[in-house]
Amino acid sequence: MSRIDESRDFIPVRIAVLTVSDTREEADDRSGDTLVQRLEAAGHILAARAIVKDEREAIAAQLRDWCEDTGVDAIISTGGTGLTGRDVTVEAHRDVYEKEIDAFGTVFTHVSMAKIGTSAVQSRATAGVARGTYLFALPGSPGACKDAWDEILALQLDHRHRPCNFVEIMPRLDEHRRRK
């Protein structure tokens, strides 16, 4: 079963937070605030924060910029994962991914089912890797961000988490790009 191994050192992860919304500004970005508060309370570093409109190219461009930034290890976006016509965050993420983390959406759905029942089926939360950077797309509600952080990301972004975690394989995410 999963656990925190206190004999291992905590390694802070540099995380960028992206809010996708046509209406939010930093002053009323409750979901972005939820993620920032949680990641900082866990000991991680807020590497960057931005809000972009629900436009596929704008979202993908911001993701690519942060994937090229050596000061960003992971990106968490919030918003635009639903089913309406303006919800294009998942498509933008997939435009950027080199590899998708298929089980992330499944685990998020499992966590959500315990909280909101069958309404969880309406989320298209996703995750992937690009240029050695983790990317996570979460729904736009503070509750969904809290659930994803508390139940999945807080553990997987903690180097002490056993039996395995995302942090311990970070140095190998872009090994295919290195010269031999």
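A search of the whole structure finds zero disulfides, a disulfide being defined as a pair of cysteine sulfur atoms within 2.5 Å. The structure is a predicted model, for which local features need pLDDT of at least 70 and side-chain atom pairs count only at pLDDT 80 or more, whereas totals for chains, interfaces and linings use all residues. Residues are numbered from 1 along each chain as its sequence is written, and side-chain values use heavy atoms, with hydrogens and water left out. For Cys 145, the closest cysteine sulfur is that of Cys 67, and because the two sulfur atoms are 19 Å apart, they are too far from each other for a bond. Cys 145 is buried, with a relative accessibility of 0%, whereas Cys 164 is partly exposed at a relative accessible area of 42%; here buried means under 20% relative accessible area, exposed means over 50%, and partly exposed covers the values in between, with a 1.4 Å probe and protein chains only.

With regard to overall architecture, the protein has five helices and eight strands, which follow the pattern β-β-α-β-α-β-α-β-α-β-β-α-β when read along the sequence. The radius of gyration is 15 Å, close to the 16 Å that the globule rule gives for 180 residues, and the protein is therefore as compact as a globular protein of that length. Helices (H or I, at least four residues) and strands (E, at least two) are DSSP runs numbered from the N terminus, and the radius of gyration is taken over C-alpha atoms, the globule rule being 2.2 Å times the number of residues to the power 0.38. Along the principal axes, the C-alpha atoms of the protein fill a box of roughly 45 × 40 × 30 Å.

Of the 180 residues of the protein, 48% count as buried, and the accessible surface comes to about 9200 Å², with 50% of it belonging to carbon and sulfur atoms. Accessible areas come from the Shrake-Rupley method with a 1.4 Å probe, and for residues only the protein chains shown count as cover. When contacts (heavy atoms within 4.5 Å) between residues at least 6 apart in sequence are considered, 75% join residues at least 24 apart.

The search of the whole structure also finds four aromatic pairs. In one of them, the ring centres of Phe 104 and Phe 136 are 5.5 Å apart and the ring planes lie at 50°, so the pair is tilted. This pair links distant parts of the chain, since Phe 104 belongs to helix α4 (residues 102-116) and Phe 136 to strand β7 (residues 133-138), 32 residues apart. A further aromatic pair is formed by Tyr 134 and Phe 136, and this pair is stacked, with 6.1 Å from centre to centre and 20° between the planes. Rings of Phe, Tyr and Trp (its six-membered ring) pair if their centres lie within 6.5 Å, and planes under 30 degrees apart count as stacked, over 60 as edge-to-face and the rest as tilted. Phe 104 and Phe 136 are both buried, and Tyr 134 is likewise buried. One aromatic cluster is formed by Phe 104, Tyr 134, Phe 136 and Phe 166.

Helix α4 also holds Val 107, which is partly exposed with a relative accessible area of 37%. The C-alpha atoms of Val 107 and Ile 152 are separated by 7.9 Å, although the two residues are 45 residues apart along the chain. Leu 18, in strand β2 (residues 14-20), is instead buried, at 0% relative accessibility. Apart from its neighbours within four places in sequence, Leu 18 is in contact with a set of residues including Ala 50, Ile 51, Val 52, Trp 66 and Ile 76.

Arg 131, placed in the loop between β6 (126-130) and β7, has a phi near 50°, a positive value in a residue other than glycine, and is partly exposed with a relative accessible area of 37%. The peptide bond from Arg 162 to Pro 163 is cis, with omega near 15°, and Pro 163 is found in the segment after β8 (161-162).

In an unreviewed entry, UniProt lists residues 16-160 as "domain: MoaB/Mog"; UniProt positions are given in the numbering used here, feature names are shortened, and annotations may be inferred rather than shown by experiment. The span of residues 16-160 is 43% helix and 21% strand, and its end C-alpha atoms lie 21 Å apart.
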